Amino acid sequence: MARDFLLEIGIEELPARFLGPALVELAALARDLFDEQRLSYGVVNTYGTPRRLVLYVQDLAEAQASLVREVKGPPAKAAFDIDGKPTKAALGFARNQGVAVEELVIRPVGQVDYVYAVREENGRPAVKILPEIAPRLITGLSFPKPMRWGNEDLKFARPIRWMVCLFGSEAVPFTVAGVTAGRLTLGHRFLNPGPHRLERAADYFGTMREAYVLVDPDERRQVVWEQVVEAAAAVDGRVAEDESLLEEVANLLEYPTAFPGSFPESYLRLPDPVLVTPMREHQRYFPVYGADGTLTNRFVGVHNGTPEHIDVIRAGNEKVLRARLADAAFFFEEDLQTPLAAKVDGLKKIVFQEDLGTVHEKVERLEALAGYLAEVFDLAPAEREHALRAARLCKADLVTSMVYEFPELQGVMGREYALRSGEDPAVAEAVHEHYLPRSAGDDLPATLPGLVLALAERADNLVGAFGLGIQPSGSQDPYALRRQALGICHLLLERERKLDLDGFFRKAHALYGPRLKLDAGRVVEDLKEFLKQRLRVLFGERGLAHDVIDAVLAVPFHDILDAWRRAQALALFRDDPAFQDAYTALTRAGNLARQAREGTGISPRLFADPAEGELFAAYRKVREVMEPLLARGSYLEALRAAAALRPPVDRFFDAVLVMAEDPAVRENRLALLAAVAALGQRVADLGRLVVA
C-alpha cells in the first residue's frame, strides 16, 4: 500500500530569491531519483518558507518495482550442439549469470538466434531506500552562493538546523551535516516555535498552520496581496500590481500580516522615484496611490506575525522610512545645487575599469559612437544634437549623492536632474533610456537618441571587455556581457535597424586607442560569434526551426536584422514549390565546391563539354536576377530564382567528371561549382537544412 512521503529541511533564513528555484529543483530531483530507484509515486509537490524547504510526495510505493534483467549470451548454434545439448559456452555463460542452463532462453536478433539469461530481481522496501535517497535530495540542490558552516564539508544555501523525514507514520532517519532526520519540526520562530511532533506525514500541514507557518508560497502570496490591497483601501488608496515585490515579500516571511503606514506629506515634493525606491527596494513596502494615480504619503508594509502590537510595529517602520526619506531629501536638494552638466568633470575621478580608464573617458567614447550611429541611422539634425548632448550627460548622475546612496536610480535621477537643469526633454529621456533594457522583458528606448546611446553604451562595454580578453565562461559573467549582447540584439531587431557590426565594433575599438590588448579583427570576430550564440536562442524563441537558424548563421554574418530577415525568408522558402530544385542545385554544387581553391577564376576556354558552358551561362543569368533582389533584401525571391539552376546542374553532373586528371580543367570545374554554390551562400548554407 502506498504512503505519503515528507521531507522537511529546516534552515536558517534563506534569501528570498533562492526559494523559488530551489523548490523547482527539489521537485525535479525527487522525480529523477524515484524513477531511478523504480519507486512509483503520485503527486510531487514542494513548499517552502525562509526557514524550510519541503518535499511532499503522495502515494509513494512501499517497494521498488521488480526488475527483470536479460543478459545476451553466445549464439544458439554455439551454445547447443546438433543434439540440443548445452556446450561449454552455454554452461559457462549460465554459471556466470547465476542461472541454471535449463533456464536459458533463445531469442532472435536479426537473422541470428542468441541465448539469454533472464533473471527477476525483487524490489527493495522503500524504507530501506529512502535513507539513501533523502541525503541525495539535499546534497543535490544548488544555490547561487552556497556556504559552509562549522566543520561541515556540505555546501548549502544556509546552515541546516533540523530535518523531518516521514514515510507515512514511519520515521526515516538519516544524517546530513551532523543533523539527523526525525519527526520533530519547528514552528514560527516567535509565535509557536515548538518543537512539534509529527505522528505521520499527513499531519504536517495542519501542524504547521497551528504553528503559524503557511508553508505554501502560493497561499502566502495570495494572502499578502489580499491584505495589501485591503490595507491600501482602508486609507482610500490603491497599490500598483508589482509581481516581483509581491514574490519577494511572500518569500521573506512565514505568517504575513499587512498594515498601512504613512510618512510626512512634505516629502511629496520629491520626485516619485526618490520616494518609491526607498520604500520598495530598501523596506519592501508597497507605495499607495490615490484615485487619480498620484503617489500619496501612505504605504503598506507586511509584518511576519499576527496583528498584535501592530501599532508599535507600524511606528517602527514609519520611523525607519522617515529616516531614509530625510536622507533622500537632503541628497536631492544638495544635488540640485549644481546643474547636471557641471558634474561631468567629476567623472574623471571615477574608474570605469582598471585597464579601460575613467568614466569621463567612456563618456568621450560614447559621444563619438553616438555621432557615428547618428550618421549610420541618418538621424535628423535635432535628433543628432540630442543624442550627442545625452551622451555627454548620461553618466553625470553617478557623481550625485542620490545615486551614490541609491545606485538603482542611475539614469532615473539623470533624467530628473537633466530636466531640472533646463536640458531639452528629449535629451533627458535619452539619458534615462540609454540603460534600457536593464533585464529580459524590460522596456526598450522609445526615442532614436535613446536607441543610439543604448547601442553605444553596450558596444563600448563589450569591445572594452573583449579587447582585454575578458569573456564569460560557464556560469561566470561578472560584467553581464551576455545580457549586454542580448540587449544589442533586441534593440536592433525590435527597432528594425540595420547596422554593419564590423564597422560599428571597429569604431568602438579604435576609440579605445592603445588600451586594448587584442587587435580589432580578433575582437570583431569574437564579438560576432558571441552575438550569434545569443541569436540562436532569440531566433528559436521567435519560432524558427534549429536547422534554419544553423543554416543562416553558418554564412558570413555582419548585420543582425539582415540575419533575421534571411532566416524568415528561408523558413518560408522551405514550403515553396521552388525549394526542392533550388536546394538540390545549390547543395549538389556546394558538396564539391568545398574542394575549390579560393580565388580561382572561371575560364570558359577550359570548358571541355557543352554542359559546362550551359551551366556557366545559367549561372550568369541567375546571378543577374539574384543580385538586385539580394541587394534590396528580397531573399525569398532570390532563392526562388536559384531554382532555375537545377536542370543545368543535373546535366553538368551527368556529363562531366569534375575531378578530371588535368589539374587546370579540374580547378576550373570546381571554381564553376563554387560560384554556383556562392549564390545560395548569400542567404544561407542550405546544406545545413534537415530535408527528408
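Predicted model: local features only at pLDDT ≥ 70, side-chain atom pairs only at ≥ 80, totals over all residues.
Q: Which residues touch the most other members in the largest nonpolar core?
A: Met402, Phe505 and Ile560 do, in a core of 145 residues.

Q: And which helix gives the most to this core?
A: Helix H15, spanning residues 448–467, with 11 residues.

Q: Back to methionine 402, what does it touch?
A: Leaving out residues up to four places away in sequence, Met402 touches Val274, Ala328, Phe331, Phe332 and Asp335, and also Leu409, Met413 and Tyr417.

Q: What other core lies apart from the largest one?
A: One of 44 residues. Its members include Leu14, Val44, Met163 and Phe167.

Q: New topic, strand E15. Which way do its residues point?
A: E15 covers residues 286–289. Phe286 and Val288 point one way, while Pro287 and Tyr289 point the other way.

Q: Are those four buried or exposed?
A: All are buried.

Q: How many bridges join E13 to E15?
A: There are 2, and the strands run antiparallel; E13 is residues 238–239. Within that pairing, valine 239 is opposite valine 288 of E15.

Q: What about E15 and E16, how many bridges there?
A: 3 bridges, again in the antiparallel sense, with E16 running over residues 295–304. Proline 287 has phenylalanine 299 of E16 as its bridge partner.

Q: How many residues sit between E15 and E16 in the hairpin?
A: 5 residues. Glycine 293 is in the turn, and its phi is positive, about 90 degrees.

Q: Moving on to the sheet with E4 in it. What is the strand order?
A: The order is E4-E6-E5, an open sheet of 3 strands with antiparallel pairing.

Q: Which are the edge strands?
A: E4 (67–75) and E5 (105–109), each of which pairs on one side only.

Q: What does the twist average from one strand to the next?
A: The average is 40 degrees.

Q: What do the strands of a sheet pair through, in general?
A: Backbone hydrogen bonds, in either a parallel or an antiparallel arrangement.

Q: And how many bridges join E4 to E6 here?
A: 7 bridges, with E6 being residues 112–121 and the two strands antiparallel. Arginine 69 is opposite arginine 119 of E6.

Q: Which helix lies across E4 and E6?
A: Helix H3, residues 88–97. The helix runs at about 155 degrees to E4.

Conventions:
Residues numbered from 1 in each chain as written. Heavy atoms only, no water. Core = buried A, V, L, I, M, F, W, Y, C linked by side-chain atoms within 4.5 Å. Buried < 20%, exposed > 50% of the residue type's maximum accessible area, 1.4 Å probe, protein only. Contact = heavy atoms within 4.5 Å. Pairing = 2+ DSSP bridges. Axes fitted to C-alpha atoms, helices over the stretch in contact; angles between N-to-C directions.
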